[in-house]
Every structure is written in structure tokens, then in C-alpha cells.
Amino acid sequence: MASSLTLVTLLLLMVSLISPSQSATCQSQTFTSNRLYTFCNDLPSLNSYLHWTYDPANSTLSLSFIATPARPNGWIAWAINPTSTGMVGSQALIAFKDSKDAMTVKTYNITSYNPLTESKVWYEVKESSAEISGGVMRIFATIVLPEKGKSTVNHVWQVGPSVTTGVPDKHEFQPANLNSKGSLDLLKGQSTASTDGGSRTKKKNIHGILNVVSWGIMFPIGIIIARYVRTFPSADPAWFYLHIICQVSAYAIGVAGWGTGLKLGSESKGVRYTGHRNIGIALFSLATLQIFALLLRPKKDHKFRFYWNIYHHGIGYTVLVLSIINVFKGLDILKPEQKWKDAYIILIAVLGGIALLLEAITWIIVLRRKSRKSTKPYDGLNNGHGRQEPLAP
């Protein structure tokens, strides 16, 4: 019997050593200095944990926030947002190593994603401290909430990659970072995750797909059709209608993508992707001019047709270049799996290869036509005598 118990004990010990992460929950965490808390939650993102005790009579909240910074010299933060559900407007406790390599906790009123400035916050901080062990940081604080009787708060947590001259640098904008917020019931011990981050990620994915399909794929294909297919007489006027259908469809999809981008920008005023945004506005403006070009297109023999061609072609190639640049900028922001970026690179390479092949074929056809025209005798001048008769005076 004793040997059986010993065997079971050894097996349990081996399992715990092989898979320690499986039991890494807030319930298993302990603290020095005999710190004890009434509640704890495994937060749903960023591998973070929150322990707390709330005294409603004094509106006092004692807490410990535990997380691993994005990089060894990064930072962690826990905040309450009294007015909204996101990071902007939150009143944060941020812990990091100072210039002396000692852990410190500072308070920040986060009004935007610009560089932070230490400031007073909405609640009173009675005491605060931080520690680091095994790469994991812990914030300890006792705060007094100004609204007595309110037991539910919006809380936000975050991890960052680095600190520059005592100022926490901007965190990443991956789904885990965007989803790190929720509603905390201080009395019931429950933390409900917010779904806003997942909804925003979905909108960003829709924005990216619409713009890749329109600006990044359909516009280049439409230009290839107009430049090369028209060379073949049998394709006239089919090439023109294909070109119009492709570009008008791309414009409609592109406007939808542009609209979702504006919506995303209005919902996150603290986040700015200036280059991507400015190129997007330029693309929308230039593509709109191309639509007007369709309405203003003069006939082939009109005296202004030459200038219209310069206008139409110049804007078209500008849109082509800016479209591809902005798609890559968008991919760098969205950061999808590498396979999606590789797929777009391959697609653009294939379209480029097709364009080069058709360019060579087009020049061969054009040069042959010019050659035939240059060797064709004038009508009525060669009358069967084997040589060209002189023109009558």
C-alpha cells in the first residue's frame, strides 16, 4: 500500500514538472510580505493576472497586477477608465525599471497615444510598489476610488516593449493588446472581457481586404488590359469595356475600403498612421479624377484628345504606384500571418511578369506594323511597270 502511494506521488510530481504552465493560474500565485487578496482573475489576454480586495465602506481598492513585459526592459500597466472602455482616457499605474535599474511605479492620465507624461490621476494612490522576478513584473498598490458605492469599473491592462529616458514607449497593436480591457466587478470578483477589441480587429481586416482587392489587384489588372489588350485589333472594343468594368468596380470597392478606414480613424483618435492615411486620401482623390476622365473623354480625332491622354495615363500610373506602396504599408500595420504578405508579393510579381511579356509582344507588333507601312507602295504609283512612275507636275 505504501509503495502504491509512493508511486502515485512520484507520477503526480513528474506531471507537474513536465507541464507547469497548465497550472499557472492566479489561484496558484503567492506573494511575499503576507499579502492576501479576496479575489483574483486570470485576465483573458497578455498572460496577465489581477488580485484585489475592495472595501466599499472606505472605497479602498488594494490590488496586485501581474504580467510579463513585451521585452525584458519593457513595462506593464493597469488602469481604470472612468469615462470609456479603452486606453485613451484611462488612469494608469505603470511599472518599469528606472535609471538605477530599480523597479518604480508611476501614474499617468492617458489622453492620447503620444509620449506619456507623469501626472496625477482620477483616484488617490495611498501606496504603490513594484517588483520583478524571473522576467515577471508585479504592481502592488492601494488606491481610493472617488465614487463611493460604485463597485463596477472599466479596467485596462497593457504591456510594452521598452522605456526611453524614463518614458514608457508605445505598445504594440496586436489583437491581444487591443483586447486587454473589460469590466471589473469589485464585489463579485468577476472580470468581463470587452468585445470591442475583437470587433475593431474585424473592421481592420475588412478594411485591409477591400483595399488589397481594389487598389492592389483590380487597378493594376485594369491598367494591363488598357495598355496591352488594345494592341490586338480583334479585341476592340471589348478591351475598352473590360477596362471600364474593372476600374469602376475597383473604385467602388476602394471607396468602401476608404470609408472603413475613416471610420477606424474616428474610433481611435489617439492612433495615427500618417503615411498610410495621406496616401489613402491621395488615392481616393486621384481615382475620383479618373472617374471624371471617363465622363470627359473626347473623341479620338478631337484636338484635346492628346492632352486628355497625358492626363489620363499620368494619373493612372500614379495611382498604380501609390496603390502598391500603400498596400504594403497597410500590411505592415495590420501584421497578418506572413503567408498573406507572401501571397500578395507573388501575385504582384506574376502581374509584373505578365506586363513585361505583353510589353515585349506589343513592341514587336507595333514595329511590324510600322515596317509594313514604310514598305507599302503608294496607291496608283506602281502601275505594273515594275518601277514607280514619276509624279505628274
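What pLDDT does the chain average, and what share of the residues score at least 70? In this predicted model, the chain averages a pLDDT of 83, and 85% of the residues score at least 70. If you colour the chain by confidence and select residues 1–23, you will find a stretch with pLDDT below 50 that has one contact in the model beyond near neighbours in sequence. Select residues 380–393 next: here too the pLDDT is below 50, and beyond near neighbours in sequence this stretch has six contacts in the model.

Now display the cysteines. A search of the whole structure finds one disulfide, which joins Cys-26 to Cys-40 with an S to S distance of 2.2 Å. The torsion about the S-S bond of Cys-26 and Cys-40 is about 60°, so this disulfide is right-handed. Cys-26 lies in the loop between helix H1 (2–18) and strand E1 (39–42), whereas Cys-40 is in strand E1, 14 residues apart. Cys-26 is buried, with a relative accessible area of 4%, and Cys-40 is buried as well, at 15%. Select Cys-246 too, which is buried with a relative accessible area of 11%.

From there, move to strand E8 (residues 136–144), which is mostly covered, with eight of its nine residues buried. Show strand E3 (residues 60–67) beside E8, and you can follow eight bridges in the antiparallel sense, including the one that pairs Ala-67 with Met-137 of E8. Strand E7 (residues 124–133) also runs antiparallel to E8, joined by nine bridges, and one of the bridge pairs is Glu-124 with Val-144 of E8. Finally, centre on the turn of the hairpin that E7 and E8 form, where two residues lie between the strands and Gly-134 has a positive phi of about 60°.

How values were computed:
Residues are numbered from 1 along each chain as its sequence is written. This is a predicted model: local features need pLDDT of at least 70, side-chain atom pairs count only at pLDDT 80 or more; totals for chains, interfaces and linings use all residues. Side-chain values use heavy atoms; hydrogens and water are left out. Buried means under 20% relative accessible area, exposed over 50%, partly exposed in between (1.4 Å probe, protein chains only). Helices (H or I, at least four residues) and strands (E, at least two) are DSSP runs, numbered from the N terminus. Two strands pair if DSSP finds at least two bridges between them. pLDDT is the predictor's confidence in each residue, from 0 to 100. Contact means heavy atoms within 4.5 Å. A disulfide is a pair of cysteine sulfur atoms within 2.5 Å.
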